[in-house]
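These are my notes from one sitting with this model. I list what I looked up, entry by entry.

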Amino acid sequence: MTVITNEYVTDEPQDRKKKYGYKIDDVLEHFGTIGKFQILLTVLCSFLTMIAAWRILFDIMTTKTIPWKCIDPRCVNATNIGEMPCSIENNTELEKQYSSGTGLQNNLWTFDKDQKSHSIVAIFDLRCEDKWKYSFSSSIYFIGAFFGVWIFGRLSDALGRYLTLLISLGLCVVQAWIIPFFNNMNVYLACRFFDGASFGGFFLIAFVLDVEYAPPKYRNMIGTLFHFLTSGGMALISLWGFAFKDFRAFAIALAVPPTIMWIVSFFFFPESARYYLSKGKDEKALASLKKVADTNGKQMPLDCTLYEDIDVKISLFKVISNKRLLIAAPINMFGWFMTSMVYYMLWFSAKYLAGNIYVNAALLGLAELPGRVAAYLLMDRIGRKKTFMLSMILACICMFISLWDNSINRKVMYCFGKALAGALWAVIYLYSSEMYPTKIRNLGSGIGSAAARVAALLAPFVGALIEVNASLPYIIVGALAFVCCGVFWFLPETAGKDLPQTIEEFENLFHEAEKKYKPEGGKEMAKI
């Protein structure tokens, strides 16, 4: 039976278990180490995170620049020059024949037929006046993700993790199979929007579900492994692109994995025990934990009952009237925003890594792996907050150093910055899942993820300020990063703490932080 109380439970763990029953984290700790259940769940979630990485980077392989051929007799030698002839400035072959810098008319050139099927640029015949369309395909993906995290975040907390996972992953499957069979750019853009929306659902749900079943002391390891495989998935996109250079073959190849995982999800993904408990479905919550015990070869605690120390339903008024939540949520969103801004500012600086597109794509993913490992080692030693703040500051320092006019220096600093950006993602996802109470955990993480998508949309425009002043984009991002670190300090530390199930337990994270920074006989030094 769920114990209903509005008091904050301060008993010692053993006394609390006798008086109220077990919290879910108590039961998971009773099982000891992670077992077969958590390993299987992490493997399944890892496949989802790699699928998400492939969908994010889909445009990198499908919007490649295709060589072109001049069919005007006056420039017979100007073949396979590379960039579309939108301007003939600095193009000596064309300058010999034309005095205007406006470029060739569309009927005077064509794409190289040997590579025409490799990119939507040539397949959809996107000429100079249409360049914005394939640039917009990445932006519209993040617009879809912005709406997806809001919609599926709400659905996940209302309908459960399992059902919402099936819906969002099903949406990914449908649009993935439409893309290769419709020869229309508008259909492609619409599919990319829904692709982003589905990412906002299944990726975030997979992470939250994976963390919710992890014992507290193993949560950092599970969360880091999740994002470690995200970076690995980004590196593997180069193998997909190299193996399937044809656009439609590539699109079909990337439609198969989510289809398989959607079928697998019907049979193997569990519902969250915390979700059941938050809805007052105690028997189902106990049955879910019993399944964990049976799979791991463990025994449930004797006479185990689960409890929450708050009403089964949380009113919207209680959420929006909670002072700590109203302050903590925007700060957390700012952390998501700056993580995404730093990450994509570095991403869009990839032009400094000249060379083969497949090699570069692999490097972009692999560069993040050291950062994920560093985050794992630091988060339990110095805490989530300090790891986040340290990574943010060092990433911005790398961006400033990369301003030096030295190509090797820029590449080295870019890779260091990419590693630190990988650490930021590892921390912010884990921290958000640990800070918010169960009933709004997915929504809280979803709001943060939505802020990250806004930053992803703005990053190219901030980067474009380099045309005004080479230092301006980095000065703006660096200043915002230092502000972010300053306000992030006021959030509570979550390392080693039980996942809060209620708003009262969420508030207790701040109570503990205030006690830590309150000198004896003095005033509180850190308080929101």
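**Contacts and overall make-up.** I began with contacts, meaning heavy atoms within 4.5 Å. In the protein chain, 79% of the contacts with a separation of 6 or more are between residues 24 or more positions apart. The model is predicted, so I kept its limits in mind: local features need pLDDT of at least 70, side-chain atom pairs count only at pLDDT 80 or more, and totals for chains, interfaces and linings use all residues. Numbering runs from 1 along each chain as its sequence is written, and side-chain values use heavy atoms, with hydrogens and water left out.

I then looked up the secondary structure: 22 helices and 2 strands. These are DSSP runs, numbered from the N terminus (helices H or I, at least four residues; strands E, at least two).

Next came burial. Buried means under 20% relative accessible area, exposed over 50%, partly exposed in between, with a 1.4 Å probe and protein chains only. Of the 528 residues, 55% count as buried. The accessible surface of the chain is about 22600 Å², and 64% of that belongs to carbon and sulfur atoms. The areas come from the Shrake-Rupley method with a 1.4 Å probe; for residues, only the protein chains shown count as cover.

**Helix H20.** I checked the length of H20, residues 441–463. Its 23 residues should span 33 Å at 1.5 Å a residue, and the end C-alpha atoms are 33 Å apart, which agrees. The expected span is 1.5 Å times one less than the number of residues. Where does H20 bend? I found a bend of about 30 degrees at Leu457, with Pro460 following within four residues. The bend is the angle between axes fitted to the seven residues ending there and the seven starting there.

Ala455 also sits in H20. It is buried, at 0% relative accessibility. Not counting residues up to four places away in sequence, Ala455 touches Phe337, Ser340 and Met341. Its C-alpha lies 8.9 Å from that of Val342, 113 residues apart along the chain.

**Ser156.** This residue is in helix H7, residues 131–159. Is Ser156 buried or exposed? Ser156 is buried, with a relative accessible area of 0%. Leaving aside neighbours within four places, I list Arg161, Thr164, Ile205, Tyr275 and Asn442 as its contacts. Ser156 and Leu443 are 287 residues apart in sequence but 7.8 Å apart C-alpha to C-alpha.

**Arg192.** I found this arginine in helix H9, residues 185–212. Arg192 is buried too, at a relative accessible area of 0%. Beyond neighbours within four places, its contacts include Asp59, Arg55 and Tyr141.

**H10 against H17.** Helix H10 (residues 219–243) and helix H17 (residues 369–382) pack at about 170 degrees, axes 9 Å apart. Axes are lines fitted to C-alpha atoms, for helices over the stretch in contact, and angles run from 0 to 180 degrees between N-to-C directions. H10 and H17 are therefore roughly antiparallel, a term for angles over 145 degrees. Among the residues making the contact are His227 and Phe228 of H10, and Arg372 and Tyr376 of H17.

**Helix H11.** Residues 247–268 form H11; its 22 residues reach 32 Å from first C-alpha to last, close to the 32 Å expected. Its buried residues include Phe247, Phe250, Pro257 and Pro258. They pack against helices H3, H4, H6, H8, H9 and H10.

Terms used:
Angles under 35 degrees count as roughly parallel, over 145 as roughly antiparallel, 65 to 115 as roughly perpendicular and the rest as oblique.
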